[in-house]
Amino acid sequence: GNRLPHPATLFLMMAAIVALLSWWASAVGLQATHPATGEVIAVKNLLSTDGLRWIYTNVESNFVNFPPLGLVLVIMIGIGVAEGSGLFTVLVRQLVLGAPPKLITAAIITAGIFSHLASEIGYVILIPLAAMIFHALGRHPMAGFAAAFAGVSAGFGSNFLIGSVDPILAGLSTSAAQIIDPTMNINPMVNYYFMVASAIMVILVGTWITEKIVEPRLGKYTGNEKALEIEQITPLEKKGLRWAGIGTLIFIALMAWTIIPENGLLRDPVTGSILRSPFFTGIVVGLLLLFFVPGIIYGIIVKTIKSDKDVIKHMTNSMKGMAGYIVLVFFAAQFIYWFNYSNLGLVVAIDGAHFLSNIGFTGIPLILTFLVLCAFLNMFMGSASAKWAIMAPVFVPMFMILGYHPGFTQAAFRIGDSVTNVVTPMMSYFALIVTYAQNYNEKYGIGTIISLMIPYTVLFLLAWAVLITIWMLLGVPVGIDGPIHMPM
């Protein structure tokens, strides 16, 4: 895969292929009926007069509105201060000196799972940090990179707590279920038990894959990136860490004060909800401050920050490292937005859903085929809520008629929606992942990432298939108000 052109060129080539496919699909009249709205979705020809006008007038907006771009650049301002002040370096040294080496891999995957609670912070922070930790321990940095990527992305359908995506999926499942039963409401915690079991499985299987398959294949790292030297932490650094920790706790307490009280400043002013509140809408600002505040405190104490000029210098240096990412994102954004505009992904998803509904499988073979279909469709549509908005009106009623509760159908969907996240360029953070990998070897490209992560996709899918099969055989509820079978 790395013999292919530069990833930026490759994204441009894939965009051109999308344009050609849209021309062919439009010419043959490829279309599908949206199961929720009844609207006929036709493929839009990017090479038509309207399509070419759209391409020409949307190049800038595609780039500027690409979701990860703003989030990454804003967080990098805070990270630049934390990194430039030396806080990140001393934190890694502290972790390496204090943590049992045998638990590092599992700890990184666990952190990846927990990162789902804080937007996409895992992609921006944890993956490069994990590579740095492995490198400092004398292990191949790409093994740490892979473990973190697996925890953050391939483990998206697992968690120990409820995240912001749960009420969204539950709402879509409720709408679909009410096609059959107008009184049914799906609890946001309908998958909670299965998610916790899945998180444990992801940690165990992900650790085994990393240490027994991925790391041995990588061998010894021979790149030019120097490992962090692990020296004992000085008394001044310990003082800086202590006060940075105190500053972080004060910041977290202030943020909690804005969301815990019923009239909290960052709660939804109309409903009082937390999950769909200004707090989560503007979470990127909170993440920026989460790194900025302790970074400033630590830098002042250890004298790496002596004036505002030092702060700006650290921010600027962090942005310099983003130049390659920004260029890559320009082309990745065109590819993804062209694909979305063409409706190719939407038509493939709808037709795939109809295919599964027509093959006549029941029981375990039906569920396992459903997992594979969801994993396949995830290669074409990155958004879980967008896919579920299409698939729920088809599969929730169909599975209800077959006797399965909507919560169980939703749990099965989340498996397939997770396992191929790490091998599809349609995942919006894939360009950032390639950029991080190239820090360790400029020859690393899309081929490196996909070949590195294929074991996680295959073995997570197999392990999850076994887990959900056992769940079905035992008849254990998948969550609160989430029995497998419909109550009679």
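**Close-up 1. Aromatic pairs turn up 19 times in this structure.** Rings of Phe, Tyr and Trp (its six-membered ring) count as a pair if their centres lie within 6.5 Å; planes under 30 degrees apart are stacked, over 60 edge-to-face, and the rest tilted. Take Phe11 and Phe335: their ring centres are 6.0 Å apart and their planes sit at 40 degrees, so this pair is tilted. It joins distant parts of the chain, since Phe11 belongs to helix H1 and Phe335 to helix H14 (residues 323-342), 324 residues apart. Helices here are DSSP runs (H or I, at least four residues), numbered from the N terminus. Both Phe11 and Phe335 are buried. Buried means under 20% relative accessible area, exposed means over 50%, and partly exposed is in between (1.4 Å probe, protein chains only). One heads-up: this is a predicted model, where local features need pLDDT of at least 70, side-chain atom pairs count only at pLDDT 80 or more, and totals for chains, interfaces and linings use all residues. Residues are numbered from 1 along each chain as its sequence is written, and side-chain values use heavy atoms, leaving out hydrogens and water.

Close-up 2. Tyr221 sits in the loop between helix H9 (192-218) and helix H10 (235-259), while Tyr440 is in the loop between helix H19 (430-438) and helix H20 (446-474), 219 residues apart. Tyr221 has 14% relative accessibility, so it counts as buried. Tyr440 is buried too, at 12%.

**Close-up 3. Five names, one aromatic cluster: Phe370, Phe395, Phe399, Tyr404 and Phe408.**

**Close-up 4. Lys44 lies over the face of Tyr341.** The distance to the ring centre is 4.7 Å. For a charge to sit over a ring, NZ of Lys or CZ of Arg must be within 6 Å of the ring centre and within 35 degrees of the ring normal.

Close-up 5. With 3% relative accessibility, Ala349 counts as buried. Leaving aside residues up to four places away in sequence, Ala349 touches Leu377, Met381 and Ile390; contact means heavy atoms within 4.5 Å. The C-alpha atoms of Ala349 and Phe380 are 8.1 Å apart, although 31 residues separate the two along the chain.

**Close-up 6. Trp24 is part of helix H1.** This Trp24 is partly exposed, at 47% relative accessible area.

Conventions. Helix = DSSP H or I, 4+ residues; strand = E, 2+ residues; numbered from the N terminus.
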